[in-house]
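Hi there,

Here is the structure I promised to pass on to you. Have a look at it first, and then read my notes below.

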Protein chains: 2
Amino acid sequence: MYEGVVQDLIDELGRLPGVGPKSAQRIAFHILQAEPTDVRRLAQCLMEVKAKVRFCATCGNVAQEELCNICRDPRRDLSVICVVEEPKDVVAIERTREFRGKYHVLGGAISPIEGVGPDDLRIRELLARLADGTVTELILATDPNLEGEATATYLARMIKPMGLKVTRLASGLPVGGDLEYADEVTLGRAFEGRRLLDV
Amino acid sequence: MYEGVVQDLIDELGRLPGVGPKSAQRIAFHILQAEPTDVRRLAQCLMEVKAKVRFCATCGNVAQEELCNICRDPRRDLSVICVVEEPKDVVAIERTREFRGKYHVLGGAISPIEGVGPDDLRIRELLARLADGTVTELILATDPNLEGEATATYLARMIKPMGLKVTRLASGLPVGGDLEYADEVTLGRAFEGRRLLDV
């Protein structure tokens with residue numbers, strides 16, 4: 001055990017995700033030896049994030065104002081909504097520069113094991129956005145795992161009857177990957193989803 | 001890229017040791033969703049550690065007052081000093097409950113590659129503590145690696161002529177370990193340091 005405040009800091013750091021007791025100790029000693037201004041900046045960032053960041057009233061993404069950057073951007077295509085689980089998925093998709101529509105962040109995926117049902121996700125808000133007929137395509141970009149697939153199926157069943165085009169991101173081999181290291185399910189999906197090459 | 005303060009927080013977290021961009025993002029989102037009181041406590045711990053913690057004037061361990069807990073403790077044996085590299089080594093040794101003497105924290109080890117020479121370590125302070133003859137044994141508990149061994153040898157050569165008993169922690173097989181997985185150097189040391197069993 002360390003003296004008072006050092007142990008307090010180690011305990012607090014150890015509560016962060018992915019930070020075990022050893023890393024917490026390492027970070028704490030880094031902080032002990034760091035410049036006071038650097039540490040003050042980190043502490044301020046922590047407080048500011050809590051004070052300033054909220055979730056976009058429309059799409060549920062992180063935002064510093066009522067609406068997030070993307071919902072405020074007039075150049076984005078209003079006819080397509082890409083449905084994701086978490087704000088970090090928005091960032092991942094934005095990085096591809098492939099998508100110019102809007103997003104909808106569910107805040108998770110349906111998971112009976114973790115007790116997350118459809119009512120715990122921002123599905124009502126999604127339906128409200130589809131009501132006026134502006135949106136013509138819904139891209140389901142939930143994670144390609146059990147919970148994500150279940151959520152996509154649930155949403156597709158609910159929304160398809162409304163006459164929208166409902167699509168799902170392709171499953172297949174990761175680009176740059178090695179065929180022999182792909183798991184059977186991914187490889188199977190890659191076969192299923194094979195495309196005609198027009199050369 | 002995230003919006004303003006979220007990205008600022010991710011950047012600041014990413015500067016901590018052992019926290020890469022992915023972990024920084026994960027921690028930042030954890031903080032976004034955490035209770036404001038928890039986050040405030042973490043930020044306060046960070047500031048308090050910088051404000052309150054200093055290094056013990058005698059031994060160089062972390063301390064909240066002029067002297068650390070151990071140097072202030074009148075029950076500790078004044079005749080033995082255990083020399084370690086870092087404050088975390090003090091905690092590791094304290095956990096064994098094997099040692100009741102005092103410590104001396106060097107603040108590192110001699111490492112020509114990293115440009116750390118004897119003058120960068122708290123060796124002068126150590127010699128000052130040995131001057132009055134109270135200390136009769138010096139236990140060199142620097143790390144069992146190249147730098148730690150070099151530092152131990154350097155200190156032993158300097159201090160032995162002063163008539164003190166200078167000892168080094170035993171090298172050998174880790175307890176609970178498996179002989180076949182021990183590296184040759186450790187196994188060699190274990191042979192060298194073999195003890196007569198008196199049964």
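Let's begin with one residue at the surface: B:Arg97 has a relative accessibility of 76%, so it counts as exposed, the cut-off being over 50%. Please keep in mind that this is a predicted model. B:Arg97 sits in the loop between α5 (87-96) and β4 (102-105) of chain B. Its backbone is worth a look too, as phi of B:Arg97 is near 55 degrees, a positive value in a residue other than glycine. Most residues other than glycine have a negative phi.

Now turn to chain A. A:Arg97 lies in the loop between α5 (87-96) and β4 of chain A, and its phi, near 55 degrees, is positive in a residue other than glycine. With a relative accessibility of 73%, A:Arg97 counts as exposed.

**How the two chains relate**

Two copies of a chain are related by a rotation about an axis and a shift along it.

Next, find the open sheet of four strands in chain A, which has the order β4-β3-β5-β6 and parallel pairing. Its edge strands are β4 (102-105) and β6 (165-168), each of which pairs on one side only. From one strand to the next, the twist averages 25 degrees.

Strand β3 (residues 80-84) and strand β5 (residues 137-140) of chain A run parallel and are joined by four bridges.

Helix α7 (residues 146-159) of chain A lies across β3, β5 and β6 of chain A, and runs at about 170 degrees to β6(A).

**Aromatic pairs**

How many aromatic pairs are there over all chains? The count comes to two. In chain A, A:Phe99 and A:Tyr103 form an edge-to-face pair, with 5.2 Å centre to centre and 70 degrees between the planes. Are these residues buried or exposed? A:Phe99 has a relative accessible area of 11%, so it is buried, and A:Tyr103 is buried too, at 1%.

In chain B, the rings of B:Phe99 and B:Tyr103 also pair edge-to-face, at 5.2 Å centre to centre and 65 degrees between the planes. B:Phe99 is buried with a relative accessible area of 11%, and B:Tyr103 is buried with 1%.

**An entry from UniProt**

Finally, UniProt lists residues 56-71 of chain A for "zinc finger region: C4-type". Over residues 56-71, chain A is 19% helix and 12% strand. The end C-alpha atoms of this stretch are 8 Å apart.

Enjoy exploring, and write back with any questions!

Best wishes

Key
Residues numbered from 1 in each chain as written. Chains lettered and ligands numbered in written order. Predicted model: local features only at pLDDT ≥ 70, side-chain atom pairs only at ≥ 80, totals over all residues. Heavy atoms only, no water. Phe/Tyr/Trp six-rings, centres within 6.5 Å; stacked < 30°, edge-to-face > 60°. Buried < 20%, exposed > 50% of the residue type's maximum accessible area, 1.4 Å probe, protein only. UniProt positions renumbered as here; feature names shortened; annotations may be inferred. Helix = DSSP H or I, 4+ residues; strand = E, 2+ residues; numbered from the N terminus. Pairing = 2+ DSSP bridges. Axes fitted to C-alpha atoms, helices over the stretch in contact; angles between N-to-C directions. Contact = heavy atoms within 4.5 Å.
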